[in-house]
Amino acid sequence: KEERNLINAIAERLGRVIQRKRMEKALKKSERRYRLLGEELRVKNLRLKTETDKARQADRLKSQFMANMSHEIRTPLTVIDGAVHLLQRNSLSPEQRELLAMIRDSDEQLLQLINSILDLARIEAGQTKVVKKEFLLKETVKNIISGFEFEARKKDLEIEMTCPRHLPSMISTDEGKLTQILSNLISNALKFTEKGKVEVKLNRESNSSIRFSVEDTGIGIPKENLSLIFNKFYQINGTARREHRGVGLGLTIVKELVDLLGGEMNVKPNLAKGSIFYFSLPCIPSKEKVVPDRNGNGTSPKTRERAKKGVNILVAEDDSPTYNIIRRFLKDCTISRAVDGEDVLKRIKEKSYDMVLMDIQMPRMDGLEATRRIRENDPDLPIVAVTARSFKADKEKCLAAGCNDYIAKPIVPQKLIAKINQYAVKRLSRRQNSPPK
């Protein structure tokens, strides 16, 4: 009995030893597996970090490329656009006016193309922000439509607006993006419509959203292509670009902007003929009133066509054709030229100016550095950046450097004159009223 008990005790102890050995072996095996998994995870993390760095670098290079392309295209467009504007003031023969109209149309096509590419680049780079504000709904839509009435008349088309009375008079959303969305849809509808009309409809939905739709009686969209219509660079058929100008980015941008505003973009065939593009936006009704201007219509008065006489302006511009266009726009002002940032600093030490129109990309010293240097000694000199770099980040850099305002090329004469009248008048008044030294 004692031997049996001893054997059982030895067997039990041996079993525990064997079990412990098995557990140690399993533990070592698990440790090896976890080490291998850890090493594999470390390698994957390194690869992920490498790929992330590459993606970020690609985004930086893409943004830099888009900025450079914008600058290189907008600079000559400034000259073309300005020359057309100046020539339109002259007495021209019918043939000359026809040729000038051809140049103007081509100029507008190029500008629309570069704007579409840059808009898409901004959206994809996450640089497009939603800025909500209160505005008059019906008046805004009417103003958008009025901008296309001339184009509609040229094609003998009707363009109408249908808006029920129960819609709120004021809403709060991003007015600029809503304007861009409707403008792209109306432009697209007019492009593909030869007979009939384009109608913009507004309706209030049960969920406090407002539905916007643009209906046309154009060529329509085949059902099998409805799911593809918002894809980048998509066009209905291989000959579409020959018949209808464009590269297929307008609807892509529209969908992206609608998504940004919290809506959903859709399209369906028109029961008569053509297409219906529609979207709903969660627009918050507002009870605030717009303070009317002196004309009593709640909109800004028209910009004066001329700058105030006697304004002394320094134009920092290294591109001679662009400078000559600006000089002709501002023929009532006293104009001086600086070809780079160092030249700007030299000239403002030698003479008093009422304003500086500052190009940003210049040789030796760029406009941002020149502005920062000026602000060290003169915080009051009006400086308006005039640049072909049109990204929002570029505007922010200009303002951060000390510029009072920003104008993107190609330059619209009325906007340029408005900035001069806005910023330079006070400086001119102080200069004229100060006692002689």
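## A pair within one helix

K44 and E40 sit four residues apart in helix α1 (residues 2–87), about one helical turn from each other. Their side chains meet in a salt bridge, 3.4 Å from N to O; the term requires a side-chain nitrogen of Lys or Arg within 4 Å of a carboxyl oxygen of Asp or Glu. K44 is partly exposed at 47% relative accessible area, and E40 is partly exposed at 40% (buried is under 20%, exposed over 50%, partly exposed in between; 1.4 Å probe, protein chains only).

## Basis

The model is predicted: local features need pLDDT of at least 70 and side-chain atom pairs pLDDT 80 or more, while totals for chains, interfaces and linings use all residues. Residues are numbered from 1 along each chain as its sequence is written, and side-chain values use heavy atoms, without hydrogens and water.

The structure holds 20 salt bridges. In one of them, E160 pairs with K197, with the closest N and O atoms 3.5 Å apart. E160 is in strand β2 (residues 158–162) and K197 in strand β4, so the pair ties together parts 37 residues apart in sequence. E160, K197 and E199 are linked in a salt-bridge network.

D359 and K409 also form a salt bridge (3.6 Å, N to O). Both residues are buried.

Definitions and conventions
Helix = DSSP H or I, 4+ residues; strand = E, 2+ residues; numbered from the N terminus.
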